[in-house]
Amino acid sequence: MLIVPERDIAKLMTPEAAFDAVEQVFAAMASGAAYNFPVVREAIGHEDALYGFKGGFDRSSLTLGLKAGGYWPHNLEKRGLINHQSTIFLFDPDSGMVSAMVGGNLLTALRTAAASSVSIKHLARKDARVIGMVGAGHQAKFQLRAALKRGGFEKVIGWNFHPEMLPGLAEVAAEAGIPFEEVPLNGMREADVIITIASSFKPILMTDHVSPGTHIACMGTDTRGKQELDPALLAKAAVFTDEIAQSVSIGEAQHAIAAGLIRESEITQLGEVINGTHAGRASADQITLFDGTGVGLQDLAVAAAVVDLARKSGTAIEINV
Ligand code: NAD
């Protein structure tokens, strides 16, 4: 069994490797070669923690495993640890033996950022120049850094509920040598691509904040009740997702479905576009929307990639089990 501890992930994993792993697994999900198991999430009645498992199997890459972890709200204050904690376990699908244990905290941010980047590659207009960020927390910086790897963006604009957090995004833009501008929400009309990644339970981005032809990657809504977009935006857009079952239950589409504005059958898996079985964007002025809910197979895909990198670089810790 190989161990790749959290402390080694930053040295090994790159946004590019995460992008390739997530694009491949979205394709496998759409072709039926990979599937996610039902998610378990429990309030454990200790330390106010939420703990659970997300697992799956990708038959095309023979990746089997689960991510175990959750949210311990008092970690930072009591222990100086981050509140989100997760570990990924991979298993040999032939024997069922555990094959790897991988730190999952940084990988979660990288795989989430890779998902929106994959959606930008396949759904945004090729001439997209301005990227808008709604949200400026921990995930937002990873999202922006990954999205800027695509190249072609000339300006970053940002809005956040807590504007004092926006300098974090300005730093990421500066790393890429691109100007950053804080805008009001209606300033988002300038954006060709918008990433939303906020912890919100009310719509932030409304239909009149979005111009025709924009691609929106909605990444913050991953739980029942959370919401970032006006449901009318989903009715106006061509809606894509990582996994339809999650999109309609815990993703942004939950609200438009509940309001009767869209039907489940109108949502397309992004993997279909990657596989070429769906054309994706239909015209230059269509609004495309990716409802990124976060699936276990994304975690397994990036964990498998980092195990390969650790093995190649000789940094994986090997133990006999
Ligand atoms: P964070 O705590 O670091 O940042 C929270 C962000 O939400 C900040 O921008 C903050 O200003 C904003 N915010 C807080 N209260 C708000 C309110 N009432 N209205 C509007 N915005 C508000 O969190 P994070 O780690 O960056 O996570 C952001 C979101 O992304 C969370 O909802 C998280 O669950 C979600 N997430 C999704 C995935 C996925 O796969 N889709 C993965 C990881 C995290």
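1. Some ground rules. Residues are numbered from 1 along each chain as its sequence is written, and side-chain values use heavy atoms, with hydrogens and water left out. Because the model is predicted, local features need pLDDT of at least 70 and side-chain atom pairs count only at pLDDT 80 or more, while totals for chains, interfaces and linings use all residues.

2. The chain splits into domain 1 (2-108 + 297-318) and domain 2 (118-293); these bounds come from an automatic or database domain assignment. Taken over C-alpha atoms, the centres of domain 1 and domain 2 are 24 Å apart.

3. Who touches whom? In domain 1, 15 residues are in contact with 16 residues of domain 2 (contact means heavy atoms within 4.5 Å). About 1,300 Å² is buried between the two domains, and carbon and sulfur atoms give 62% of that. Buried area here is the accessible area (1.4 Å probe) that two parts lose on being put together, summed over both. Look for Glu-23, Phe-26 and Ala-30: they supply 36% of the area domain 1 buries against domain 2, more than any other three residues.

4. Now the charges. Two salt bridges are counted between domain 1 and domain 2 (a side-chain nitrogen of Lys or Arg within 4 Å of a carboxyl oxygen of Asp or Glu). Glu-23 also meets Lys-121 in a side-chain salt bridge, at 2.8 Å from N to O.

5. Finally, find helix H2 (residues 15-31): with ten residues, helix H2 gives the largest share of the side of domain 1 that touches domain 2. Helices are DSSP runs (H or I, at least four residues), numbered from the N terminus.

Terms used:
Helices (H or I, at least four residues) and strands (E, at least two) are DSSP runs, numbered from the N terminus.
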